[in-house]
Amino acid sequence: MKFESQVVHAGDRKRKKGVPIPSTTPIQLGTTYFYDSAAKLDRVLGHEEEGFSYARYANPTNDALEELITQLEHGHGSLATASGMSAVQIALQAALTDRPHSIVASGSIYGATVALLDDVLCPFDVKVKYVDACDLPALEQVIRDRQPGCVFIESISNPLLRVPRIDKIAELAHAAGAALVVDNTFGTPMLMKPLEQGANIVVHSVTKYLAGHGDVLGGVVVSDEPHHETVRRLARVVGPLLGPFESYLTMRGIKTLALRFERQCQNAQELAEWLGKHACVERVYYCADPNHPDAPAIRESFAPGLFGAILSFEIKDAKKQSILEFMDRLRMIVPGTSLGDVHTLLLYPLIASHRNVSPKMRERMGIRENLVRIAAGIENVEDIQADLDQALHSC
Ligand SMILES: Cc1ncc(COP(=O)(O)O)c(C=O)c1O
C-alpha cells in the first residue's frame with residue numbers, strides 16, 4: 001500500500017476466529033485477560049504464545065496503533081508512550097543499554113530534551129556533549145573523541161529548521177559503535193523516514209502531527225529489530241504506555257495525516273514566501289528557501305514537493321514586550337505551545353519551548369528575542385495571512 005492508503009488501513013481489522021471484526025479498532029480498557037485454561041495463560045505470560053496478559057505490557061488498541069506507525073516509519077516494532085518526552089527517555093535508555101553511558105546530542109533540540117539530558121540523565125552519570133549536527137567534521141571529531149553509546153538528533157531542528165544528514169551521521173555513529181536516535185516529530189513519516197537512512201530508533205511526540213487535533217498527549221518509539229526488544233523490555237518494567245483512549249484518538253487522527261500534512265506544507269510554503277516580502281519581517285526560516293544552508297540534505301531526504309509545515313520568522317526590531325502584544329492581537333491563529341494541529345499555532349520560543357534554556361545556550365542556538373515560530377494549520381491560507389498582517393501591522 002502507498003502511504004495515503006496505509007494511514008487509513010494499517011493496524012485495523014485484526015482477525016480473531018469466530019469474532020466479527022470491527023472496521024476500525026475499538027478502545028479496549030481491560031487491564032487483565034481471561035483465558036480458558038491456566039496453562040494457556042502460563043504460555044502467554046512466558047512469551048511462548050501470543051496474547052495479552054496485563055495492561056502495562058501491551059493492549060490491543062495500542063497494538064493496532066503501534067503496527068500502524070511501524071508500517072509508516074518502516075521500522076521493526078513500536079511502543080506507544082504517554083508523551084513524546086517519555087518516548088525520548090525510553091529510546092535513550094534503550095540506545096545506551098550495553099553501551100558506554102555517553103551521548104553526543106545535536107546542539108539544536110527541543111528545550112525539554114535538553115532538560116532530560118542535563119537534569120535527569122546527567123545525575124545518573126550519563127555524559128552529554130552538544131555539537132552542531134549539521135557540521136559533519138565537528139560531529140565526526142566529537143564522536144571520535146567521546147566514543148559515545150548514542151547520538152541524538154532531530155530530523156528538523158526546532159525552531160530554526162536545520163536539517164542534518166541522517167545517512168552520514170548514521171555512518172559516523174555506527175563506525176564508533178553508537179546507536180543513532182532521531183526525533184522525527186517535525187518531519188513526520190510522510191516527509192522522511194530516518195530508519196531507512198540508517199537511524200536505529202525514531203521517536204515522535206504523537207501529540208503533534210500524528211494525532212493532529214490538539215486533544216492527545218502521546219509519543220512513540222519506533223525501532224530496528226535489535227532495539228525493539230530492549231524498548232519493550234524496559235517499558236514492561238517502567239510502564240510509560242499510552243492509554244487506550246488516546247491510542248484510539250491517535251489512530252483516528254493518523255487516518256487523515258496525508259491530507260492534513262500536504263495542506264499544512266502548502267500553507268507553510270505560501271506563508272514563508274509572503275512573510276519574506278512583509279515590511280515588518282526581518283528574516284524567514286523555511287526549508288523551501290533555495291539558500292537554506294542544508295539544501296542538499298533537504299533534497300536528499302524529504303519527500304518530493306514537500307518542505308515541512310513549520311516556519312519561523314524574526315520581527316523587525318521587536319523585543320519581548322512587543323512580541324507579546326503581537327500575540328495578543330492574533331484573532332484566529334492560536335498563540336500557544338505546540339505544533340502539528342489542524343489549527344495554525346504561533347509559538348514564541350523565548351517563553352515556551354526554550355524558556356528553560358539558558359540565555360547563553362539560546363544565543364549559541366541562534367534563537368533571538370524577535371523570533372517566533374508558526375506551525376501552519378489546514379485553514380484557508382488567506383485567512384492566516386490576514387490575521388498575521390493585522391497583528392503585525394503596528395509592529
Ligand atoms: C521535537 C519535539 N520532541 C519532543 C517533544 C515532546 O513531546 P510531548 O510534549 O508530547 O512530551 C516536543 C514537544 O513539543 C517536540 O517539539
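How much space lies in the second largest pocket? The second largest pocket holds about 490 Å³ of space.

This is a predicted model, in which local features need pLDDT of at least 70 and side-chain atom pairs count only at pLDDT 80 or more, while totals for chains, interfaces and linings use all residues. Residues are numbered from 1 along each chain as its sequence is written, and side-chain values use heavy atoms, with hydrogens and water left out.

**Pockets and cavity**

The search uses a 1 Å grid over the protein atoms alone: a cavity is a set of points where a 1.4 Å probe fits but cannot get out, a pocket is an open set with protein on both sides within 12 Å along at least five of seven lines, and lining residues have an atom within 4 Å of a point. A volume is the space filled by probe spheres set on the points, which are joined across faces, edges and corners.

| Space | Volume |
|---|---|
| Largest pocket | about 1400 Å³ |
| Second largest pocket | about 490 Å³ |
| Largest cavity | about 40 Å³ |

The lining of the largest pocket is made of 43 residues, and E50, G51, F52, A58 and D63 are the ones nearest its centre. Two or more lining residues come from each of α2 (38–45), α3 (60–73), β1 (77–81) and α9 (225–238). Helices (H or I, at least four residues) and strands (E, at least two) are DSSP runs, numbered from the N terminus. α3 gives the largest share of this lining, six residues. By class, the lining of the largest pocket has 16 nonpolar, 12 polar and 15 charged residues. Here Ala, Val, Leu, Ile, Met, Phe, Trp, Tyr, Cys and Pro count as nonpolar, Asp, Glu, Lys and Arg as charged, and the others, Gly among them, as polar.

Around the second largest pocket there are 25 lining residues, with S108, D132, R162, R364 and M365 nearest its centre. At least two residues of this lining are supplied by each of β3 (127–131), β8 (281–285) and α14 (359–365). Its classes are 13 nonpolar, six polar and six charged.

In the whole structure, one cavity of 30 Å³ or more is found. I156, L161, F186, C287, F307, G308, A309 and I310 line the largest cavity. Seven of these lining residues are nonpolar, one is polar and none is charged.

**Helix packing**

α3, which also lines the largest pocket, packs against helix α10 (residues 244–254) at an angle of about 35°, with the axes 8 Å apart. Axes are lines fitted to C-alpha atoms, for helices over the stretch in contact, and angles run from 0 to 180 degrees between N-to-C directions. Contact means heavy atoms within 4.5 Å. In α3, T61, N62, A64, L65, L68, I69 and L72 meet P244, S247, Y248, T250, M251 and I254 of α10. This contact has nine nonpolar, four polar and no charged residues.

Helix α6 (residues 136–146) and helix α7 (residues 166–175) pack at about 20°, and their axes are 10 Å apart. That angle makes α6 roughly parallel to α7 (under 35 degrees is roughly parallel, over 145 roughly antiparallel, 65 to 115 roughly perpendicular and the rest oblique). L136, L139, E140 and I143 of α6 meet K168, I169, L172 and A173 of α7. By class, six residues of the contact are nonpolar, none is polar and two are charged.
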